[in-house]
Amino acid sequence: MDLRSPKLHKILDTWIEEDLGDGDLTRFVLSDRSASAHWVAKEDGTFCGGDLVKLIFRKIDPKVDIQLLIEDGQKFGKNQRLLELKGSSSSLVAGERVSLNVAMHLSGIATSTALLVTELSGSKVKLADTRKTTPGMRVFEKYAFHCGGGINHRLGLDDAAMLKENHIEWSQGISESIKILKNTIPWTKKIIVEAETPSQAKEAVEAGADGVLLDEMPVQAIEKLVPELRQLSKNSKSKYVSQNIVIEVSGINPNNVSDYIFTGIDLISTSAPITKSKWIDFSMRFD
């Protein structure tokens with residue numbers, strides 16, 4: 001996440017405008033004296049969003065001073081102080097809701113991700129996210145996933161060419177599609193095939209895919225198939241076939257991620273930390 005990105009700043013401006021409108025009406029009852037406040041966690045979790053909170057408050061009032069007491073990706077406990085703020089009372093009130101909403105949402109994703117990553121600890125299997133994100137929030141939600149210890153999959157359709165069920169059905173098939181892509185897209189872009197059967201996975205490797213995603217296959221089938229795919233990749237004499245094929249699984253129950261540790265795969269992709277996580281509860285308290 002690039003905090004200098006003009007696109008990112010436009011999104012933050014939209015969030016602030018949505019909440020403030022023409023201005024906080026309660027400001028008329030505030031003396032606008034200098035005030036201080038702090039955030040406290042109301043439950044355990046993994047933190048995310050500190051730099052965004054800083055940007056939000058500074059957009060509202062550059063004079064607001066924020067001291068982060070925790071870094072993104074760090075764990076915190078219930079009742080722990082997370083950050084301290086100083087500034088005019090009207091500015092602190094104006095930035096309270098937007099900043100809390102963002103940090104609670106992103107910390108929920110980071111917390112959920114960290115729990116799944118812990119299940120994979122001690123193995124070489126990485127946890128990856130998907131494109132199932134809230135429209136307009138993708139860069140932030142994927143950042144939160146990263147803060148929880150996961151790795152990011154495609155940011156968008158232009159990141160890599162991924163042939164899914166519909167592509168295979170509506171094209172000339174896996175092999176021909178890969179051939180077309182290798183002659184069309186930049187060489188720096190990867191080609192990934194989502195396979196629903198072992199035969200599709202093998203065809204993808206032999207045709208030169210950089211990665212194969214095994215979708216909704218039983219663990220036993222994956223354990224048998226992975227060595228075969230590795231061998232196909234290793235033994236191929238074609239210059240188009242990757243010698244280091246990346247093997248990924250998806251469509252699994254996130255409660256069973258540890259079942260895949262010894263299958264020989266590289267990645268597990270899941271949308272669960274983003275689509276099913278709950279917000280972590282924070283509170284802003286005035287000193």
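The side chain of Arg154 reaches the backbone oxygen of Ala160 at 3.4 Å. This is a polar contact, defined as a pair of N or O atoms within 3.5 Å; within protein, one must be able to donate a hydrogen and the other to accept it, and residues adjacent in sequence count only if both atoms are side-chain atoms. The model is predicted: local features need pLDDT of at least 70, side-chain atom pairs count only at pLDDT 80 or more, and totals for chains, interfaces and linings use all residues. Residues are numbered from 1 along each chain as its sequence is written, and side-chain values use heavy atoms, with hydrogens and water left out.

Arg154 sits in the loop between helix 4 (138-147) and strand 7 (161-163). Helices (H or I, at least four residues) and strands (E, at least two) are DSSP runs, numbered from the N terminus. Arg154 is buried, at 7% relative accessibility. Buried means under 20% relative accessible area, exposed over 50%, and partly exposed in between (1.4 Å probe, protein chains only). Beyond residues up to four places away in sequence, Arg154 touches Arg131, Lys142, Asp159, Ala160 and Met162. Contact requires heavy atoms within 4.5 Å.

Ser269 belongs to strand 11 (residues 267-269). Its relative accessible area is 7%, so Ser269 is buried. The side chain of Ser269 makes a polar contact with the side chain of Glu248 at 2.8 Å. With neighbours within four places in sequence set aside, the contacts of Ser269 include Ala128, Asp129, His153, Leu213 and Glu248.

Aromatic rings were examined next. Rings of Phe, Tyr and Trp (its six-membered ring) pair if their centres lie within 6.5 Å; planes under 30 degrees apart count as stacked, over 60 as edge-to-face and the rest as tilted. Trp39 and Phe282 form a tilted pair, 6.1 Å centre to centre with 35° between the planes. Trp39 lies in strand 1 and Phe282 in strand 12 (residues 282-286), 243 residues apart. Trp39 is buried at 0% relative accessible area, and Phe282 is buried at 4%. The rings of Phe47 and Phe282 have centres 6.0 Å apart and planes at 40°, so this pair is also tilted. Phe47 lies in the loop between strand 2 (45-46) and helix 2 (50-60), so its pairing with Phe282 ties together parts 235 residues apart in sequence. Phe47 is buried, with a relative accessible area of 0%. Ring pairs link Trp39, Phe47, Phe76 and Phe282 into a cluster.

Phe28, by contrast, is exposed at 61% relative accessible area. Phe28 is in the loop between helix 1 (6-20) and strand 1 (34-41).
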